[in-house]
Amino acid sequence: MIIAKLAFKNIYGAGLRTWLNAIALSFSFVAIIFLQGLYNGMNNQVEKATVDAQYAGGHYWQNKYDPYDPLTLNDAHEKIPGDLAKLIAAKKATPILIRQATIYPNGRFQNVFLKGIEPEQNILSIPTSVLTDDKESIPALIGSRMAKSSGLKAGDYITVRWRDTHGTFDANELKIAAVMKTDVPDIDNGQFWIPIDKMREMTAMPDEATIIVLEKGSSFSAEVDHWQHKDLEFLLRDLRALVLTKSIGGSIFYIVLLLLAMLAIFDTQVLSIFRRRKEMGTLMALGMTRSKIIQLFTLEGAMHAVLAALVAAAYGLPLLIHVARTGYGLPEASDSFGFALGNRIFPAFTAGLVVATTLLVLIVTTIVSYLPTRKIAKLEPTDALRGKLT
Amino acid sequence: MKYTNITLLLILPALLFSQAPSAQEIIKRVDKNILSDSKIVVSKMIIHGRRGQRTVEAKSWQRNIDQSFTEYLAPAREKGTKMLKLGDKLWTYSPATDRIILISGHMLRQSVMGSDLSYEDMMEDPFLQNMYEAKIAGSDTVSDRPVWILDLKAKIKEIAYDARKIWVDQERFIILKENLYAKSGTLLKQITLGEVMQVEGRWIPKTALYKDALKEGTGTELIIDSISFNENIPDTIFSKASLRK
């Protein structure tokens, strides 16, 4: 207890030096919590948007389908088997048929994916209901990124050329029924959504599909011949890895901040030990053991972390609460990040994050505070009293 | 006399028509014109783009209908690029990257060197009689040459173009103009021949214009500088190893 009291008196007595260290360290506190919260929020947002618009409760893929290999699309279609057809009839799943096609916007050609989907589905958060309105032409729904790259807008007609199941060319005009704004680029870039019945007719693939999307929370995972079940754990794996990579990249920033703060603490400790040689000698002469003196100096250093946590709470708390409520605006260029971010990220700060960060900073500060004090172990009281440091 | 004239007027077209070969016979003759065990072609492709035109020169070795090897000779940027077709597979080799790439799926729809020809156009079976039922739709004149107009409709399912309209020179049995249609009847491509030349008894195009009908632009000109038939081409040419040579 006496050590704690002494340590507190000493760092209180150090005045401005203590506050400068505490403020520097508090920046690390706030930066770590802010960035980690930002990545947590990003992860939550990306996953939610992707699950809502793309994955729902998991997929069944036709055996030959590989989303990373467009070459597989030619053969990746098959009649929907009985078990899955029953789910679709009960509105617990929705089929999607995917083919490659070419569109001709403004006299140039552009390769796209045609995706047939049930207009009345509500398993995915894609506004497919707009595909039911038009009986005269083939309605198509595109995303804003697709609209931008092709120069198309709602009401426009576009010539599309595709091959049917036999490889025979066909061409027709699609009418852009609507342009949707979505945070999920995977349902937008290079994609045209059209009614699945029309698509099956166009491609001579009656009752066929490439993937089946299960409703959210679906527990159906039975083995189906020629179809592979893909759960959310599998579907989100790449996305999570991508977010983790970005999070690791981002952590470099606060590691640098933490290192700078630790350098300041280390520096303070070295200086403190050098300037307080006589004090150490006196304490030893009065009967304090070397290990007690080491404890005293280490505790003084560690107390900076406690002070820093209080300082960080004073200005960081209102700041982080404000950011959590209003979100962190992203520049337009972030659309090219490759995943569903939206215009703003809403950081997610959890109690676990705050406790873990406090513990991390406290432990690191304690270690850094301890390192220079090892010199004290070799200190002779007579030398110390004379101001010598061996 | 009056009745005789009327009778002649009625009979004459029938007589003339009876002298014309059947539609199937015409496309057989057209196929025969291009059929050879092998051929070596040196050609130029003039690609008209929005920012001007560029010329690509190539030498091709072809055997039967399913083997071909092409080496690009000019411009400098494309020089050394090679393309190998074996059956339904197509590989390209680029000296800049020193990599061999299998062209399939959506990549087959890409244009060759920015032209109006796609890779899949190069993969088509060139023999019409194998793929189409023909019907004579009439006769006309193209480039001052009398032609038959034939409507071709696919007789097999696995085919790229469901219908074609061809204008066949009545004397030389060479297609002077060709329209390629989608199943819906939409015109997809137009091929128009310019000059023709006679090589080893066959009439073949010297210049042709390929035009993607859905795309803007003036199309791609193909000029055949030289062609020789039934050459003895070594097997090694049609191997992946020759792409890197």
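In this predicted model, B:N230 counts as exposed because 11 C-beta neighbours fall inside 10 Å of this residue, and the cut-off for exposure is 12 or fewer. B:N230 is placed in the segment after β15 (220-229) of chain B. The phi of B:N230 is positive, near 50°, although the residue is not glycine.

**Backbone features of chain B**

Most residues other than glycine have a negative phi, and most peptide bonds are trans. B:F173 sits in the loop between β9 (163-169) and β10 (175-181) of chain B. B:F173 counts as buried, because 21 C-beta neighbours lie inside 10 Å and the threshold for burial is 20 or more. Chain B also contains a cis peptide bond, which joins B:A74 to B:P75 with omega about 0°. B:P75 belongs to the loop between β3 (67-74) and β4 (82-86) of chain B.

| Residue | C-beta neighbours inside 10 Å | Class |
|---|---|---|
| B:N230 | 11 | exposed |
| B:F173 | 21 | buried |
| A:A171 | 21 | buried |

**Overall form of chain A**

Chain A contains eleven helices and 13 strands. Its C-alpha trace spans about 100 × 45 × 30 Å along the principal axes. The radius of gyration of chain A is 32 Å, whereas a compact globule of 390 residues would have a value near 21 Å. The domain assignment divides chain A into domain 1 (2-51 + 239-385) and domain 2 (58-230). The centres of domain 1 and domain 2 of chain A, taken over C-alpha atoms, are separated by 51 Å.

Of the 390 residues in chain A, 38% count as buried. Contacts in chain A between residues at least 6 apart in sequence join, in 80% of cases, residues at least 24 apart.

**Helix α1 of chain A**

After α1(A) comes A:G15, which has a positive phi near 60°.

**The contact between chains A and B**

Between the two chains, 21 residues of chain A are in contact with 18 residues of chain B. On the side of chain A that touches chain B, the elements giving two or more residues are β3 (93-103), β6 (157-163) and β7 (169-180) of chain A. Strand β7(A) supplies the largest share, four residues. By residue class, this side of chain A comprises seven nonpolar, ten polar and four charged residues.

A:A171 is located in strand β7 of chain A. A:A171 counts as buried because it has 21 C-beta neighbours inside 10 Å. Beyond its neighbours within four places in sequence, A:A171 has contacts in both chains: A:T159, A:V160 and A:R161 in chain A, and B:A182, B:S184, B:T186, B:L188 and B:L214 in chain B. A:A171 and A:I103 are 68 residues apart in sequence, while their C-alpha atoms are 9.4 Å apart in space.

Methods. Residues numbered from 1 in each chain as written. Chains lettered and ligands numbered in written order. Predicted model: local features only at pLDDT ≥ 70, side-chain atom pairs only at ≥ 80, totals over all residues. Contact = placed C-beta atoms within 7 Å. Nonpolar A, V, L, I, M, F, W, Y, C, P; charged D, E, K, R; others polar. Domains from an automatic or database assignment. Rg over C-alpha atoms; globule rule 2.2 N^0.38 Å.
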